[in-house]
Amino acid sequence: MIVPTLANQGIIFYLRKEGIESYPITIKGNGFSKDYTFFTGINAIMTAAMNGVKIRLMDEEEFWIT
């Protein structure tokens, strides 16, 4: 799962506290730079879902787990 870092700082902190590993990613282009956080595996998604955490995704679509 890759999420925008700025929009999800609280969630990133919470998931790290829960032991979920993440890695920073910076995308650079002509005149812009964006920071993202990469969570490996399904653990981040499942931990967030089980604890009622809403993740803001890059495409602004809601993320549902049923």
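**View 1. The open sheet of 3 strands in the predicted model has the order β1-β3-β2, with antiparallel pairing.** The model shown in this and the following views is a predicted one. Strands β1 and β2 form the edges of the sheet, each of them pairing on one side only, and from one strand to the next the twist averages 35°. As a general point, strands of a sheet pair through backbone hydrogen bonds, in either a parallel or an antiparallel manner.

**View 2. Strand β1, spanning residues 2-4, is joined to strand β3, spanning residues 32-39, by 3 bridges.** The two strands run antiparallel, and individual partners can be followed along them: I2 has F38 of β3 as its bridge partner, while V3 has T37 as its bridge partner in β3. On the sheet as a whole, β1 is one of the edge strands.

**View 3. Strand β2, residues 22-29, meets β3 in an antiparallel arrangement that comprises 8 bridges.** Within this pair, K28 stands opposite S33 of β3. The hairpin formed by β2 and β3 has 2 residues between the strands, and here G31 takes a positive phi near 80°.

**View 4. Helix α1, residues 9-17, has I11, I12 and L15 among its residues, and these three are buried.** Seen down the axis of α1, the buried residues fall within an arc of 100°, so they line one face of the helix. The other side of α1 carries G10, F13 and K17, which are exposed; for this contrast, buried stands for under 20% relative accessible area and exposed for over 50%. Just after the helix, G19 takes a positive phi of about 95°.

**View 5. Helix α1 lies across the strands β1, β2 and β3.** The helix runs at about 30° to β3, the strand that stands between β1 and β2 in the order of the sheet. What covers the buried residues of α1 includes the strands β1 and β3, together with helix α2, residues 43-50. The buried residues concerned are I11, I12 and L15, whereas G10, F13 and K17, on the other side of α1, are exposed.

Technical notes
Residues are numbered from 1 along each chain as its sequence is written. This is a predicted model: local features need pLDDT of at least 70, side-chain atom pairs count only at pLDDT 80 or more; totals for chains, interfaces and linings use all residues. Side-chain values use heavy atoms; hydrogens and water are left out. Two strands pair if DSSP finds at least two bridges between them. Helices (H or I, at least four residues) and strands (E, at least two) are DSSP runs, numbered from the N terminus. Buried means under 20% relative accessible area, exposed over 50%, partly exposed in between (1.4 Å probe, protein chains only). The arc is that of the directions from the helix axis to the C-beta atoms. Contact means heavy atoms within 4.5 Å. Axes are lines fitted to C-alpha atoms, for helices over the stretch in contact, and angles run from 0 to 180 degrees between N-to-C directions.
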